[in-house]
Amino acid sequence: FDRVRGTSPELPALDYLAALAALRDGDLDRAEILAKSSAQKREREADSLVRLGVIEAQRGASDSTPRLIDPNRASMEFIQRAMKVDPSSPAPRIEAANAFRSLGKNGEVLAELDAARLRMLPVDLLLTVDVTRALLGVEVHGTEGPHLLPPRAGDWPSLFQGALVAMKNND
């Protein structure tokens, strides 16, 4: 990415893509610099703000040094900015749900997942929201209860969801 950015800086979203690569490699400082650069250029601005929120959350989870700003609050500030920049994107809603889940705020998790659901394609909806809701139900209520419907033969979404829940339970 650095070579391409140096020779062809006019290519769009290179900073965002390089930020994703740095985040994947665990280089949070570099990912932060690149995501901020992308957001400032207004290239994938909402996505870049979401990544900045993820970076803050990861730092908060792994950093034992006291910080002046609560990492969860800083993460949510980036995510809320992303929601304002692109209200139609499900990504900020999903990351907000993740943040609330780490805080044990299950009602807020479900509200954000429902908001994301309205902004998603059906396949993405199944893979992220429906499965996450089912797994949250298992964590909160166990493997019995109204949150889990038995898989129906020929209904691949319910079979897929049931398989993932079974895998989570080592079944």
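In this predicted model, helices H6 and H7 pack against each other through two sets of residues. H6 supplies Arg-93, Ile-94, Ala-96, Ala-97, Phe-100 and Arg-101. H7 supplies Glu-108, Val-109, Glu-112, Leu-113, Ala-115 and Ala-116. By class, this contact has 8 nonpolar and 4 charged residues, with no polar ones. H6 covers residues 91-102, and H7 covers residues 106-117. Their axes come within 8 Å and cross at roughly 170°. Angles over 145 degrees count as roughly antiparallel, and the two helices are therefore roughly antiparallel to each other.

The largest nonpolar core has 17 residues. Those with the most contacts inside this core are Leu-23, Ala-31, Leu-49, Leu-52, Ile-55 and Ala-82. Helices H2 (14-24), H3, H4 (45-62) and H5 (71-85) each give two or more residues to the core. The largest share, 6 residues, comes from H4. Leu-49 is in contact with Ala-39, Phe-78, Arg-81, Ala-82 and Val-85, leaving aside its neighbours within four places in sequence.

Helix H3 runs over residues 28-40. At 1.5 Å a residue, its 13 residues should span 18 Å. The end C-alpha atoms are 18 Å apart, which agrees with that expectation. Buried positions in H3 are Leu-28, Ala-31, Glu-32, Leu-34, Ala-35, Ser-37, Ser-38 and Ala-39. In general, an α-helix has 3.6 residues a turn, so residues three or four places apart point the same way. After H3 comes Arg-42, whose phi is positive, near 60°.

Among the buried residues of H3 is a charged one, Glu-32. Its relative accessible area is 17%. Buried means under 20%, so Glu-32 counts as buried. Not counting residues up to four places away in sequence, Glu-32 touches Leu-52, Ile-55, Glu-56 and Arg-59. Two of these partners, Leu-52 and Ile-55, are listed with the most contacts inside the largest nonpolar core.

The loop between H5 and H6 holds Ser-88. Ser-88 has a relative accessible area of 51%. Exposed means over 50%, so Ser-88 counts as exposed. Ser-88 and Arg-119 are 31 residues apart along the chain. Their C-alpha atoms are separated by 6.0 Å.

How values were computed:
Residues numbered from 1 in each chain as written. Predicted model: local features only at pLDDT ≥ 70, side-chain atom pairs only at ≥ 80, totals over all residues. Heavy atoms only, no water. Helix = DSSP H or I, 4+ residues; strand = E, 2+ residues; numbered from the N terminus. Expected span 1.5 Å × (residues − 1). Buried < 20%, exposed > 50% of the residue type's maximum accessible area, 1.4 Å probe, protein only. Core = buried A, V, L, I, M, F, W, Y, C linked by side-chain atoms within 4.5 Å. Contact = heavy atoms within 4.5 Å. Axes fitted to C-alpha atoms, helices over the stretch in contact; angles between N-to-C directions. Parallel < 35°, antiparallel > 145°, perpendicular 65-115°, else oblique.
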